[in-house]
Amino acid sequence: MRPLTEEETRSVFEKLAKYIGDNIKLLIDRPDGNYCFRLHEERVYYVSEQIMRKATNIARENLISVGTCIGKFTKTKRFRLHVTALDFMAPYAKYKIWVKPSGEQSFLYGNHILKSGLGRITENTPQYQGVIVYSMNDLPLGFGATARSTQDCRRANPTDIVCFHQADVGEYLRSEDTLT
């Protein structure tokens with residue numbers, strides 16, 4: 001477990017900024033203590049500094065994880081967010097999409113959101129912007145990227161894709177072996 005390099009930190013923060021913007025500062029300087037990002041076996045963990053200090057007493061080969069896994073670096077050194085980051089991104093999201101109950105199951109099986117399943121969308125959401133996907137009951141379901149801007153969604157056909165799927169809470173069941 002080690003701190004992120006400057007390049008790794010930039011990569012993680014750029015990815016998080018697509019979804020929460022400048023609210024990244026709120027993730028690090030929290031009222032309940034300081035939190036940090038640490039790298040362990042190509043995975044990035046979000047952990048409180050108190051727990052991180054205690055984890056240094058455990059040998060690296062015996063340490064499985066510490067804190068919450070935010071994502072991982074691929075073999076080509078690109079950062080990929082995991083669905084486990086959803087709980088930390090949802091409160092600070094700049095842009096949101098709400099899915100109708102009829103479209104929830106399709107999204108949770110890993111499909112894109114169609115116009116027919118779109119309940120609401122944040123005003124002035126640009127195209128290809130990172131969004132957090134909610135149910136109509138304000139329960140965070142996952143995240144993705146908009147395929148169309150808010151204005152384009154109003155004119156879209158019911159079968160047009162409005163949000164590209166990136167991660168959803170259904171992955172806890174579908175890919176549980178790769179999330180830790």
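Reply: We can start with contact, which means heavy atoms within 4.5 Å. Before the cases, note that this is a predicted model, in which local features need pLDDT of at least 70 and side-chain atom pairs count only at pLDDT 80 or more, while totals for chains, interfaces and linings use all residues. Residues are numbered from 1 along each chain as its sequence is written, and side-chain values use heavy atoms, with hydrogens and water left out.

Me: With which residues is threonine 84 in contact, leaving aside its neighbours within four places in sequence?

Reply: Once those neighbours are set aside, threonine 84 has contacts with Thr68, Cys69, Ile70 and Tyr172. Helices (H or I, at least four residues) and strands (E, at least two) are DSSP runs, numbered from the N terminus, and on that numbering threonine 84 sits in the loop between β6 (79-81) and α4 (86-89).

Me: Is threonine 84 buried or exposed?

Reply: Buried means under 20% relative accessible area and exposed means over 50%, with partly exposed in between (1.4 Å probe, protein chains only). Threonine 84 has a relative accessible area of 14%, and is therefore buried.

Me: What is the relative accessibility of cysteine 163, and which residues is it in contact with?

Reply: Cysteine 163 belongs to strand β12, and at 0% relative accessibility this cysteine counts as buried. Apart from neighbours within four places in sequence, cysteine 163 is in contact with Ile97, His112, Ile113, Val131, Val133, Gly144, Ala145, Thr146 and Ala147.

Me: How should I read helix α1, and which of its residues are buried?

Reply: A helix can be checked by its expected span, which is 1.5 Å times one less than its number of residues. For the 15 residues of α1 (residues 6-20) this should come to 21 Å, and the end C-alpha atoms are 20 Å apart, which agrees. Within α1, the buried residues include Glu8, Val12, Leu16, Tyr19 and Ile20. Seen down the axis, the buried residues of α1 fall within an arc of 80° and so line one face of the helix, the arc being that of the directions from the helix axis to the C-beta atoms. Glu6 and Glu7 are exposed on the other side of α1, and just after this helix glycine 21 takes a positive phi of about 65°.

Me: Where are asparagine 124 and tyrosine 128 found, and what phi does each take?

Reply: Asparagine 124 has a positive phi of about 60° although it is not a glycine, and it is found in the loop between β9 (118-121) and β10 (130-135). Tyrosine 128, likewise not a glycine, has a positive phi of about 65°, and its place is in the loop between β9 and β10. Asparagine 124 is exposed, with a relative accessible area of 54%, and tyrosine 128 counts as exposed at 59% relative accessibility.

Me: Which residues make the nonpolar surface patch?

Reply: Patches are made of residues with over 30% relative accessible area and no salt bridge, where like charges are joined within 9 Å and nonpolar side chains (Val, Leu, Ile, Met, Phe, Trp, Tyr) within 5 Å. Accessible areas come from the Shrake-Rupley method with a 1.4 Å probe, and for residues only the protein chains shown count as cover. Here Leu114, Tyr128, Ile161 and Phe164 make a nonpolar patch of about 350 Å². Isoleucine 161 lies in strand β12 (residues 161-168) and is partly exposed, with a relative accessible area of 30%.

Me: How many salt bridges are there, and what does arginine 53 pair with?

Reply: A salt bridge is a side-chain nitrogen of Lys or Arg within 4 Å of a carboxyl oxygen of Asp or Glu, and by this rule the count comes to 7. Arginine 53 meets glutamate 49 in one of these, at 3.5 Å from N to O. In general, an α-helix has 3.6 residues a turn, so residues three or four places apart point the same way. Arginine 53 and glutamate 49 are 4 residues apart in helix α3 (residues 49-55), and are therefore separated by about one helical turn.

Me: Which glutamate forms a salt bridge with arginine 154?

Reply: Arginine 154 pairs with glutamate 123, the closest N and O atoms being 2.7 Å apart. This pair links distant parts of the chain, 31 residues apart, with arginine 154 in helix α6 (residues 150-155) and glutamate 123 in the loop between β9 and β10.
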